[in-house]
Amino acid sequence: MSDLSMDEGWEAPMIDHVPDRPRYSVTKRAADHLTAGINSPPIPVRRIAEKQGVDVVFADFGKHSDTVAGFCDFARKKLYVNGDERTERQSFTIAHELGHWMLHRGLFAAHPELYPALPRRSDPNRGCTLEKEANHFAAHLLVPDRLLKPVLHAPAETLAPAFGVSVMMMGFRLTNAKR
């Protein structure tokens, strides 16, 4: 495994407006860059996030625990993750919020009203362009194509535990990778 020193090389382009369409090639390139030296699952998403300069905090969201999976505090450089969630969900939340940190930080700093907390239950194909980008980044960060391709025909139920993701998320990755 690499030393996770990914602060060199390719950097995601910052944006100053919400794009009309998701920039899937940009999100995939960002995720691939962060996992370039990792040769087997599961991806150490918390270590990757911390190498990018953000602290990951597992928190009790109190009365919001049933509705909020996590959020990023851009000013304090912290990703807050619902401590009551399953490990697989926490990993996805870290990856999703890291996607916002890497791809949307400048936009959200200038326009904080655009930034929503990540709801616990959401359809990954719905929502605004920025949420779709963060979901795409998270999916490719946690399940990189180069690690998925050799096992593409295995069942989601078998692969999900190995990658440390939910069966639902692995199902999405398998479906999209076979296209």
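## Surroundings of glutamine 90

Apart from neighbours within four places in sequence, glutamine 90 makes contact with Phe58, Val81, Asn82, Gly83, Asp84 and Glu85. The model in which these contacts occur is predicted. Glutamine 90 belongs to helix H3. Its relative accessibility is 11%, so glutamine 90 counts as buried, the limit for that class being under 20% relative accessible area.

## Overall architecture

The chain is built from 7 helices and 4 strands. Read from the N terminus, the order of these elements is α-α-β-β-β-α-β-α-α-α-α.

Of the 179 residues in the chain, 46% are buried. Among contacts in the chain with a separation of 6 or more, 67% are between residues 24 or more positions apart. The chain has an accessible surface of about 9200 Å², and carbon and sulfur atoms contribute 52% of that area.

## The stacked pair

In total, 6 aromatic pairs are present in the structure. One of them joins phenylalanine 74 and tryptophan 101: the ring centres are 6.2 Å apart and the planes meet at 5°, so this pair is stacked, given that planes under 30 degrees apart are assigned to that class. The pair links distant parts of the chain, as its two members are 27 residues apart. Phenylalanine 74 lies in the loop between strand E2 (68–73) and strand E3 (78–82), whereas tryptophan 101 is part of helix H3 (residues 87–110).

Both partners fall under the 20% limit for burial. Phenylalanine 74 has a relative accessible area of 14% and is therefore buried; tryptophan 101, at 5% relative accessibility, is also counted as buried.

## The edge-to-face pair and the cluster

A further aromatic pair consists of phenylalanine 108 and tyrosine 115, with 4.9 Å from centre to centre and 65° between the planes, an edge-to-face arrangement. Phenylalanine 108 and tyrosine 115 are both buried. Ring pairs connect Phe74, Trp101, Phe108 and Tyr115 in a cluster.

Methods:
Residues are numbered from 1 along each chain as its sequence is written. This is a predicted model: local features need pLDDT of at least 70, side-chain atom pairs count only at pLDDT 80 or more; totals for chains, interfaces and linings use all residues. Side-chain values use heavy atoms; hydrogens and water are left out. Rings of Phe, Tyr and Trp (its six-membered ring) pair if their centres lie within 6.5 Å; planes under 30 degrees apart count as stacked, over 60 as edge-to-face and the rest as tilted. Buried means under 20% relative accessible area, exposed over 50%, partly exposed in between (1.4 Å probe, protein chains only). Contact means heavy atoms within 4.5 Å. Accessible areas come from the Shrake-Rupley method with a 1.4 Å probe; for residues, only the protein chains shown count as cover.
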